[in-house]
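Notebook, opened on a new model. I list below what I looked up, in the order in which I looked.

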Amino acid sequence: MSDATSDAVIEVRDVCYTYMRGTPLARQALTDVNVRINRGELVAIIGRTGSGKSTLIQHFNGLLKPDSGHVLVGGRDIWRKGVALRDIRRQVGLVFQYPEHQLFEETVVADIAFAPRNMGMSQANVDEAVREAMRVVDLDYDALCDRSPFELSGGQKRRVAIAGVLAMRPEVLVLDEPTAGMDPRGREEVLGEIRQLHEAHGYTIVLVSHSMEDVARFAERLVVMDGGTVAMEGSAREVFRRREELVNMGLGVPQVTALMAELAARGLPSTEDVITVDEALRALLPALLGASGRANEGEREGEVGA
Amino acid sequence: MEPVIRVENVSYTYDGGGPGEVEALLDVSLEVMGGEFVAVIGHNGSGKSTLAKHMNAIFVPTRGDVFVLGMNTRDESRLWDIRQTVGMVFQNPDNQIVATTVEEDVAFGPENLGVPPGEIRRRVDEALALVDMTGNEKSAPHMLSGGQKQRVAIAGVIAMRPRCIVLDEPTAMLDPVGRSEVLATVRRLASDEGIAVVHITHFMNEAVLADRVVVMEGGRIALRGTPREVFSQPAMLRSLDLDVPQVTELAYALRAAGAPLTRSPLTVAELADDVAAIVGVGRGGGQS
């Protein structure tokens, strides 16, 4: 039986995992990890390289099997007898780092159709799933269907790769550093697409990211990994309040958060926790305008005096 | 002083006359001096990498000339000298490592140059010290972090004693810690070793640390100057879809709303100083 509440899509309970277990090279990558992903959430996982982020998300769809503990998808323990991992991997779509390196078909459509066809979807359903997936990631079906995926721009290639996972119609989309190695235009393109998937299409999304600025803008909840454990969890605002701890983990906070902390340390009364440029603008403007008003008056008096 | 790299009115066309003809560079001119750290930013397809590949004669211009310490890259008889003068480091650390230990990997270049064994040992030790990897001589490269691998790749180039290092997005695949390790290394090569460094990057926080920034767009140099000159034009950068550092963007927005900020800050500390001076709280060093 399961005590999962209805809104948990993925639950990781007391999971431990060791790479190359039983060999001299054994390395414990996860220790007693508990994470819960709720339906409809956009969660970001942050942490430095080697903190266990990628290991954790590979547990979400059963690519890795925990040494101990449980992984539940939709309330079902995925390692219990009788659970088909094939179904789990369809429910939880995993987009790896540099997914465009895995494109291989001759046309965009063939590439996106690969997984659903392999899962035994009928041709008519595959066609529909491919069109739908391309629509969702804003790729023009008519213009691109017969093109080679290798001729596309970096941002487009990555969206083809994401569409290939979406075509399986997963409930949860898990993306490992979806903007890694992209130029700013490509990054915005892919992040915009992810936000759209979440807001307009209702996908539950988990993404691994190294950009504190990006997660401050996008994520509803952060999970901070450090040394194979969950070190913090909460809204971006709650997490970025703990700046020193984050810095000690080799992470940081958005520049504007660091700025406000620096000003607070110098005696500027801080009014709120700032994590975006807009918030910093609203927090600082009154003091700056007030001060400049006084300064102008001072100048005029000075002129009179001279 | 003679520039290490001199790019003169260079245009380059891929597949000239063919079906895939693309003008990747259009009349680009640029000089890089020894000890200078130049950051090149711009989108994929803007011509950054094409420009970089002209600097050690991987590409030869369609029109115009590139000189490396005065040697024209068209002069095939000087190719060996040119490649020894200008070393390249690429994006993916895993594609650049050839040996099974760190020291063998770093020794690979000088061995190929026919450097005597005793001298190789000295160069390897020196190069590893420069990239802060001393103590990892016997490590297996695949067990290192991304930042460490890139520093080994840089050491491999240093061991050839180049006058210039061109790094084509060396930090793109690294996490923030790895990025700052690599960046600290390349800055030191310029400032302490007098090496000319050309650093191609998508990260504006890295460009901020350069002596000079070159912004490429559509095969041309769209903007160039000190980081402050370049980043004081956020509207221009945004029209090119490039980021600016958050503090620069914030200062710009504050100024637009009437705040009396004058300079374009590049770092958190700079903007903190400027705001503190206006509102009359302490300067630096915490509590006032």
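I count two residues as in contact if their C-beta atoms, placed from the backbone, lie within 7 Å. Helices (H or I, at least four residues) and strands (E, at least two) are DSSP runs, numbered from the N terminus.

The model is predicted: local features need pLDDT of at least 70, side-chain atom pairs count only at pLDDT 80 or more, and totals for chains, interfaces and linings use all residues. Residues are numbered from 1 along each chain as its sequence is written, while chains are lettered from A and ligands numbered from 1 in the order in which they are written.

**Confidence.** I noted an ipTM of 0.80 and a pTM of 0.84 for the complex, both from the predictor. Within chain B, H9(B) has the lowest confidence, a mean of 86, and strand E4 (residues 63-68) the highest, 98.

**Helix H3 of chain A.** I call a residue buried if 20 or more other C-beta atoms lie within 10 Å of its own, exposed if 12 or fewer, and partly exposed in between. In H3(A), residues 108-118, the buried ones are A:Val108, A:Val109, A:Asp111, A:Ile112, A:Ala113 and A:Pro116. Their cover includes helices H4 (123-136), H5 (141-144) and H6 (154-166) of chain A. Just after the helix, A:Gly120 has a positive phi of about 90°.

**Cores.** A nonpolar core is a set of buried Ala, Val, Leu, Ile, Met, Phe, Trp, Tyr and Cys residues joined through C-beta atoms within 7 Å. The largest has 104 residues, and A:Ile112 is one of the five that touch the most other members, with A:Ile45, A:Ala163, A:Val174 and A:Leu259. Beyond four places in sequence, the contacts of A:Ile112 include A:Val130, A:Met134 and A:Ala163. A separate core of 77 residues includes B:Ala24, B:Val66, B:Ile97 and B:Val208.

**Chain contact.** I found 34 residues of chain A and 38 residues of chain B in the contact. On the chain B side, H6 (176-193), H10 (246-256) and H11 (268-279) each supply at least two residues. H11(B) gives the largest share, seven residues.

**B:Leu240.** I placed this residue in the loop between H9 (234-239) and H10 of chain B. Why is B:Leu240 counted as partly exposed? Because B:Leu240 has 19 C-beta neighbours inside 10 Å. Leaving out residues up to four places away in sequence, B:Leu240 touches B:Val215, B:Glu217 and B:Ala222. Its C-alpha atom is 8.4 Å from that of B:His43, 197 residues apart along the chain.

Technical notes: pLDDT = per-residue confidence, 0-100.
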